[in-house]
Amino acid sequence: MGGSDFEKWDDSMTEEIDSLLENDTWELVDRPKDRDVLSGRWLYRHKRGPNGEIIRYKSRYVIRGFEQREGLDYNETFASVVKPMSYKLLFALAAAYDLEIEQMDVKTAFLYGEIDADIYMEQPEGFCSKERPDQVCKLKKALYGLKQAPRVWYNTLTDYLKTLGFTPLTADNCIFYDGKETYIAVFVDDLLIIGPSKPNIDTIKAQLAQRFYMTDLGLCKYYLGMEIV
């Protein structure tokens with residue numbers, strides 16, 4: 001990170017911290033004497049379009065989950081990653097039946113689920129509280145990097161999609177189907193929506209936006225390394 005892009009990365013980091021605070025991700029507490037305090041780190045990446053152009057500077061603060069201890073900091077893990085053959089089949093169905101394909105991205109997806117363990121983390125580098133610099137963060141939400149974070153997010157998303165009439169397929173739990181003509185494929189925080197018409201998909205987008213902070217990526221043109229024409 002640096003050079004002429006420094007301001008863009010700096011803005012991206014500030015946006016990430018603001019989002020974490022807005023979602024009430026942690027509370028500052030005195031450093032515990034009987035528990036480990038995990039560290040965190042910044043991750044940076046460019047989100048690119050179909051021609052390789054940079055469309056977004058994305059900064060994310062993650063906890064170092066490899067420092068967690070099974071049975072103490074977490075018990076069960078699961079990652080919501082749609083299978084390659086599943087989304088390729090969906091593309092084939094869309095081509096055969098002239099279905100619409102659009103994408104949405106969930107901002108800070110993991111922060112929508114409450115964690116089920118007491119986990120402490122050092123304050124984020126570069127954004128330490130000036131009034132309480134010696135305190136640590138007690139997590140309230142499933143921050144990225146936690147081993148149980150993907151499972152918590154998947155369960156939260158599944159519960160909401162069920163209220164909209166979608167249920168996961170037995171063959172691939174990351175494909176949701178409404179029993180008619182609409183599918184939602186989940187790759188962590190990236191949602192692929194396939195349906196019979198634009199109005200149909202717009203209705204689903206509006207329903208999702210009522211529950212989660214979403215970015216509407218519009219017509220699917222690029223998905224997991226594949227260019228869609």
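## A buried tyrosine

A residue counts as buried when its relative accessible area is under 20%. In this predicted model, Tyr61 has a relative accessible area of 2% and is therefore buried. Tyr61 lies in strand β4, which covers residues 54-63.

Leaving aside residues up to four places away in sequence, the contacts of Tyr61 include Glu16 and Leu20, as well as Gly40, Arg41 and Trp42. Tyr61 also touches Met121, Glu122, Gln123, Pro124 and Glu125, together with Leu143 and Tyr144. Gln207 is 146 residues from Tyr61 in sequence, and their C-alpha atoms are 28 Å apart in space.

## Confidence in the model

The mean pLDDT of the protein chain is 87, and 93% of its residues reach 70 or more. Among the elements of the chain, strand β4 has the lowest mean pLDDT, at 85. The highest mean, 97, belongs to strand β9, residues 175-177.

The buried residues of α1 are Trp9, Ser12, Met13, Glu16, Ile17, Ser19 and Leu20. Because these residues cover an arc of only 160° around the axis, they lie on the same side of α1. An α-helix has 3.6 residues a turn, so residues three or four places apart point the same way.

Two of the buried residues of this helix, Glu16 and Leu20, are also contacts of Tyr61. The cover over the buried residues of α1 includes β1, β3 (40-48) and β4. On the other side of the helix, Glu7, Asp11 and Glu22 are exposed.

## An open sheet of four strands

An open sheet is formed by 4 strands in the order β1-β7-β6-β2, with mixed pairing. Its edge strands are β1 (26-29) and β2 (37-38), each of which pairs on one side only. Strand β2 pairs with β6 (residues 120-121) in the parallel sense over 2 bridges. In this pairing, Val37 stands opposite Tyr120 of β6.

## The largest nonpolar core

In soluble globular proteins, nonpolar side chains tend to be buried together. The largest nonpolar core of this model has 58 residues, and Leu139, Ile184 and Leu208 touch the most other members. Helix α3 (residues 149-163) gives the most to this core, with 7 residues.

Apart from residues up to four places away in sequence, Leu208 touches Met104, Tyr160, Leu161, Leu191, Ile193 and Met214.

## Residues with a positive phi

Most residues other than glycine have a negative phi, and most peptide bonds are trans. Just after helix α1, Asp24 takes a positive phi of about 55°. Asp98 also has a positive phi, near 55°, and is not a glycine. Asp98 is placed in the loop between α2 (84-97) and β5 (100-106). Its relative accessibility is 62%, so Asp98 counts as exposed.

Val188, which is not a glycine either, has a positive phi of about 60°. Val188 is found in the loop between β10 (183-187) and β11 (190-195). With a relative accessible area of 21%, Val188 is partly exposed.

Notes:
Residues are numbered from 1 along each chain as its sequence is written. This is a predicted model: local features need pLDDT of at least 70, side-chain atom pairs count only at pLDDT 80 or more; totals for chains, interfaces and linings use all residues. Side-chain values use heavy atoms; hydrogens and water are left out. Two strands pair if DSSP finds at least two bridges between them. pLDDT is the predictor's confidence in each residue, from 0 to 100. Buried means under 20% relative accessible area, exposed over 50%, partly exposed in between (1.4 Å probe, protein chains only). Contact means heavy atoms within 4.5 Å. A nonpolar core is a set of buried Ala, Val, Leu, Ile, Met, Phe, Trp, Tyr and Cys residues joined through side-chain atoms within 4.5 Å. The arc is that of the directions from the helix axis to the C-beta atoms.
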